[in-house]
Each structure stands twice: as C-alpha cells, then as structure tokens.
Amino acid sequence: MYTFSPILLYLYGGVLLGMFNTFGQTADTTGRKPNTLRKLERLNSALRHQEPDRVPISDFFWGGFTTRWRRELGLPDDANPYYYYDLDWISTVPNMDPWIRPFETLKETAEEVVVKTGYGTVMHKRFEFPMPEMRGWEIDTFEKLERAEFDDPRDRRRFYEAGDNQIAGVGDGFERNSPAWIDTVKSLRADFPVYGSMGEVSECLTRLIGQENAMMWMAEFPDRMGAVINRIGAHYLECAKAAMDAGAGLIDGFVIWGDVAYKKGMFFSPNYWREYFKPWVAEMTAYAHARGLPVIYHGCGNPKKIFPDYIEMGIDAYNPLEAKAGLDCVELRRQYGQTMGMCGNSDMQIWESGDRGAIRREVLRKLNAAKGGGYIFQSDHSVSSGVSGQTYDYIVKLVREFGNYPLQLPAEFDEQI
C-alpha cells in the first residue's frame with residue numbers, strides 16, 4: 001500500500017498527481033485493449049520513421065497543472081490527463097536512489113518539508129512552489145565520492161516493493177512510500193504504451209553531489225573523476241538492465257534520463273562526455289534494442305554538439321528539445337533528416353501566454369517535423385502550472401485535428417522539410 005503526505009492530501013483535495021507518481025486505473029493485466037495496441041503501433045511507427053494514422057501525442061504534467069486543469073475544466077478530483085485525452089504513451093520510474101532507504105524527515109510544517117533522501121541529498125520542498133531546492137549533500141568532498149559504494153543495482157526493492165525514492169517522491173509533488181514500480185507498470189499497460197526508465201551518470205551526479213561540485217571536480221580531477229564516472233556508469237547500466245529484465249514482457253520502450261547541457265551548450269567538454277559518459281549510454285541503448293525496446297533519451301538544455309553521437313548510438317528519439325534553449329525541431333529535421341526521432345519542442349513559454357493565435361502558430365508549425373514520421377508531439381519539457389486547462393485542451397484538439405496523416409497543414413504553416 002502507498003500513501004500520500006497528510007499535508008499534501010489537505011492541499012490537493014485528497015488526490016495528488018505528479019510527473020512521476022502516476023498510478024493506473026486498470027487492475028486486470030491479462031490483456032491489452034485494442035485501442036492500446038493501436039496507440040502502440042502509432043508510436044512505434046513514428047519511431048521507425050513511418051507515417052502512422054496520426055501524430056502521437058503525450059507529455060509530462062506538473063501536479064500544479066493537473067490541479068488547475070481539473071478546476072478550470074470542472075473535472076472530478078481524480079481526473080487524469082493521460083486518460084482524459086487518451087494520450088499515446090507514458091513513462092514510469094523505478095527506485096534509482098543509490099541507497100535504498102526511507103526519507104529522513106528533518107522538518108515538516110503545513111508550508112514545507114525538508115528530507116534527506118536515498119541520494120544523500122537534503123531536499124527542501126515548499127508546497128507553494130512547483131519544484132524543490134537541493135540544500136546539501138552527504139557526499140560533500142571529492143574523497144567521499146571516490147569512496148562511495150551504492151546498494152545493489154538488482155536489489156528487488158528498486159522494482160518490486162513500495163518505498164520512498166527521490167525521483168518519484170520529491171519533485172513537483174511530495175509523496176512518501178511510492179508504489180512498487182512493477183505494480184505501476186501493470187496498472188497502466190492495459191491503457192497505454194508504457195516505458196520504463198533509468199538515469200545515467202550525469203543525472204545521478206546532479207542529485208548525488210550537485211551540479212557545481214560535479215563540474216568543479218571534473219575540472220580539478222579530470223582523470224580521477226573519469227574513474228568515478230565509469231564506476232557510477234557501470235552501476236546505472238546494471239540498474240537499467242535490471243529494470244528491463246524486471247519489466248520483460250510488460251514495458252514497450254525505455255527512457256534514459258541524462259541532462260548534460262544548459263541553455264547555451266554543454267555543461268562540460270563534448271570530448272570529455274564522449275570519453276566517459278557516452279559509453280554507458282551506448283550500452284544501455286544496445287541492451288534495450290536487443291530486447292526490442294525503442295529508446296527515448298531525455299536531456300534538457302542544448303546538447304546539439306553531440307547530436308551526431310546520439311544518432312550513432314541509435315537513440316530512437318530525443319526529448320525534450322527545449323525551444324527556450326534555441327532548439328527547433330523543424331530546423332533539426334532539415335539538418336538531420338530521419339536519422340533520429342524527435343519528441344517534444346513545443347514552446348512552453350508560448351503555452352503559458354494563453355495567446356490562442358500564438359499557440360496555433362506554434363503547434364501547427366512544429367507539426368512540420370512530423371512529415372515522414374519520426375515525431376512525437378509534446379511540450380519542450382513538461383506542462384507547467386502556468387498553463388491553463390483551457391490552453392492544454394485547445395492544444396490537444398489542434399494536434400488531433402491537424403496531425404492526421406497524410407498531413408494537410410494550412411498553407412501559412414506548411415514548410416518544406
């Protein structure tokens with residue numbers, strides 16, 4: 001059994017839905033609905049760079065958006081955007097914490113909570129704000145990082161038992177005792193194509209030691225830090241393999257989480273990334289492909305300098321392609337053709353404006369990237385609480401109206417690819 005914080009139950013009217021704690025509505029996992037199989041074929045066709053019946057659409061939703069969406073559209077407290085719009089895929093997260101342990105509560109009031117997680121990270125979550133703050137880390141010196149030993153990648157608690165974990169529990173929402181990952185997968189797969197997921201080294205370092213320490217120690221101790229990256233890479237490769245093995249026959253694809261860039265470029269040298277980070281992503285991808293699972297890589301910021309590397313590794317689609325970081329899926333399609341699929345890139349800042357004319361231009365222009373397949377329509381990160389319920393409703397209707405194949409976009413938005 002899993003539980004929500006009593007404070008959050010009070011704040012959100014008894015139902016909290018965050019980006020990574022979605023539990024499904026179907027207990028019967030003996031079969032999949034015909035509509036789900038159509039969605040799976042639609043998604044897989046797009047990732048094979050073929051034109052399905054229509055452009056696939058889905059997203060990641062902040063808990064604050066979901067609460068606002070329910071209120072503004074007059075929906076019940078348990079309404080869920082994935083089900084309401086019959087979206088085309090959903091991602092799930094197992095326990096990725098280096099150390100599997102309950103949160104240590106350092107402070108809890110009606111306004112905020114401070115906990116130490118299985119990353120050894122002190123997380124401060126103010127309920128009025130959408131995202132938490134990382135305040136400190138157990139591993140606060142390079143020497144401690146070199147000595148750190150993680151729990152077994154194949155520990156059953158990562159996949160088969162409920163418990164606290166940082167990714168699902170402390171984000172846009174706050175949840176204790178998240179449900180067992182495999183139960184989440186089983187609860188969703190009757191209705192959606194379900195992807196498993198795992199973080200890679202860069203994603204771990206951000207939480208384990210903080211972005212500043214990660215970059216400073218790469219600069220100060222490049223070779224020794226490289227050895228640490230290889231050790232963590234081996235750990236998360238085994239975590240990814242264990243997740244795919246646990247989800248065998250139940251998941252339809254795999255997401256690799258791995259932020260390596262900011263708005264203007266890479267956090268660190270592309271050559272350093274190629275030497276130490278890339279091999280582990282390549283091995284995760286190869287293991288997934290050997291099991292017939294397409295791979296979507298999620299990396300924020302602008303990592304365009306290493307897009308050829310993702311293509312070389314066989315990444316099936318890149319997400320989220322942040323427009324705010326200067327990425328444009330239509331231009332990327334012109335540059336790279338159908339060598340890599342794209343997932344996302346619709347500008348959240350335009351969505352947040354609520355300007356119907358600007359939103360229509362944004363959505364219909366980005367659909368040009370779907371010509372020939374290879375595109376999944378989503379935001380350029382996740383649907384924030386700054387987006388109104390009416391706006392998201394309008395966006396889905398636009399994609400469903402103009403995203404049918406063969407695409408027939410209005411002349412003013414139709415571009416040559």
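In the predicted model, helix H9 (residues 201-208) packs against helix H11 at an angle of about 110°, and the two axes lie 9 Å apart. Angles from 65 to 115 degrees count as roughly perpendicular, and H9 and H11 are therefore roughly perpendicular to each other. On the H9 side, the contact is made by Val201, Cys204, Leu205 and Leu208. These residues meet Met225, Ile229, Ile232, Gly233 and Tyr236 of H11. By class, the contact of H9 with H11 comprises 8 nonpolar residues and 1 polar residue, with no charged residue.

Helix H11 (222-246) is also among the elements that cover the buried residues of helix H8. The other covering elements include helix H4 (81-84), strand E2 (90-91), helix H6 (157-160) and strand E8 (194-199). The buried positions in H8 are Trp181, Ile182, Thr184, Val185, Ser187 and Leu188.

A further helix pair is formed by H17 (residues 356-366) and H18 (residues 389-402), whose axes come within 10 Å and cross at roughly 40°. From H17, the residues in contact are Arg356, Ile359, Arg360, Val363 and Leu364. Their counterparts in H18 are Gln390, Thr391, Tyr394, Ile395, Leu398, Val399 and Phe402. The contact of H17 with H18 divides by class into 8 nonpolar, 2 polar and 2 charged residues.

At the level of the whole protein chain, 18 helices and 15 strands are present. The radius of gyration is 20 Å, close to the 22 Å given by the globule rule for 417 residues, so the chain is as compact as a globular protein of that length. Taken along the principal axes, the C-alpha atoms fill a box of roughly 60 × 50 × 45 Å. Of the 417 residues, 61% count as buried. Among contacts between residues at least 6 apart in sequence, 75% join residues at least 24 apart.

How values were computed. Residues are numbered from 1 along each chain as its sequence is written. This is a predicted model: local features need pLDDT of at least 70, side-chain atom pairs count only at pLDDT 80 or more; totals for chains, interfaces and linings use all residues. Side-chain values use heavy atoms; hydrogens and water are left out. Axes are lines fitted to C-alpha atoms, for helices over the stretch in contact, and angles run from 0 to 180 degrees between N-to-C directions. Helices (H or I, at least four residues) and strands (E, at least two) are DSSP runs, numbered from the N terminus. Contact means heavy atoms within 4.5 Å. Ala, Val, Leu, Ile, Met, Phe, Trp, Tyr, Cys and Pro count as nonpolar, Asp, Glu, Lys and Arg as charged, and the others, Gly among them, as polar. The radius of gyration is taken over C-alpha atoms; the globule rule is 2.2 Å times the number of residues to the power 0.38. Buried means under 20% relative accessible area, exposed over 50%, partly exposed in between (1.4 Å probe, protein chains only). Angles under 35 degrees count as roughly parallel, over 145 as roughly antiparallel, 65 to 115 as roughly perpendicular and the rest as oblique.
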